[in-house]
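Student: I'm new to this one and would like to learn how to read it. Can you walk me through a few features?

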Amino acid sequence: MELVEATAADLRALVTRWYDLAKAMEAYSELNELAYADVDEVPDDGFRAHLDDEDTTDYRIVHDDETIGFVTLREGHHPSRQYSQYLRIVNLVVDDAYRSNGHGTAVIEHVKEMARERGCDHLKVSCEWQNEGARRFYRDTGFQPKQVDYVQPLE
């Protein structure tokens, strides 16, 4: 398994996988309701912007020369903190057919090594509170709860 930096040629594949992930997240909160009824309506602008953003990078998860998912990483810092340089996992999705085979754990290990090489001192990730599968996965790969986000719709 390897992480291969995505290019413009990969944008539709990223959008398609993102859409599947976003559709699955709709079940966890009404605030996750998508504005798009179909994947074909989703523009690739967000992922295209990542190509020019020096802090955000998308990687294809490749196993046996086949893309089986993707991960989006964003570097950041908290200058006032002892642990100040971080790498955030923004998106992480492994295709259904390849789940529960250690690929997600391998991605986390690769991301940890990338973070160390970039001079980061910690990783960050968030997931839906009610997504117990994701919470269990992140706990099992060494993450610990630190902060809870609250939301309030303004209607």
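This is a predicted model: local features need pLDDT of at least 70, side-chain atom pairs count only at pLDDT 80 or more; totals for chains, interfaces and linings use all residues.

Student: Is Tyr 150 buried or exposed?

Tutor: Exposed means over 50% relative accessible area. Tyr 150 has 74% relative accessibility, so it counts as exposed.

Student: Which residues form a nonpolar patch on the surface with Tyr 150?

Tutor: Trp 129 and Val 148 do, and together the three have about 430 Å² of accessible area.

Student: What about the inside?

Tutor: In soluble globular proteins, nonpolar side chains tend to be buried together. Here the largest nonpolar core has 20 residues, and those touching the most other members are Leu 3, Val 71, Leu 73, Ile 89, Leu 92 and Val 111.

Student: Which elements give two or more residues to this core?

Tutor: Strands E2 (56-63), E3 (66-77) and E4 (85-94) do, along with helices H3 (103-117) and H4. H3 supplies the largest share, five residues.

Student: What does Val 71 touch?

Tutor: Leaving aside residues up to four places away in sequence, its contacts include Leu 3, Tyr 59, Ile 61, Ile 89, Leu 92 and Val 107. There's also a second, separate core of 14 residues, with Leu 14, Val 15, Leu 34 and Val 93 among them.

Terms used:
Residues are numbered from 1 along each chain as its sequence is written. Side-chain values use heavy atoms; hydrogens and water are left out. Patches are made of residues with over 30% relative accessible area and no salt bridge: like charges are joined within 9 Å, nonpolar side chains (Val, Leu, Ile, Met, Phe, Trp, Tyr) within 5 Å. Accessible areas come from the Shrake-Rupley method with a 1.4 Å probe; for residues, only the protein chains shown count as cover. A salt bridge is a side-chain nitrogen of Lys or Arg within 4 Å of a carboxyl oxygen of Asp or Glu. Buried means under 20% relative accessible area, exposed over 50%, partly exposed in between (1.4 Å probe, protein chains only). A nonpolar core is a set of buried Ala, Val, Leu, Ile, Met, Phe, Trp, Tyr and Cys residues joined through side-chain atoms within 4.5 Å. Helices (H or I, at least four residues) and strands (E, at least two) are DSSP runs, numbered from the N terminus. Contact means heavy atoms within 4.5 Å.
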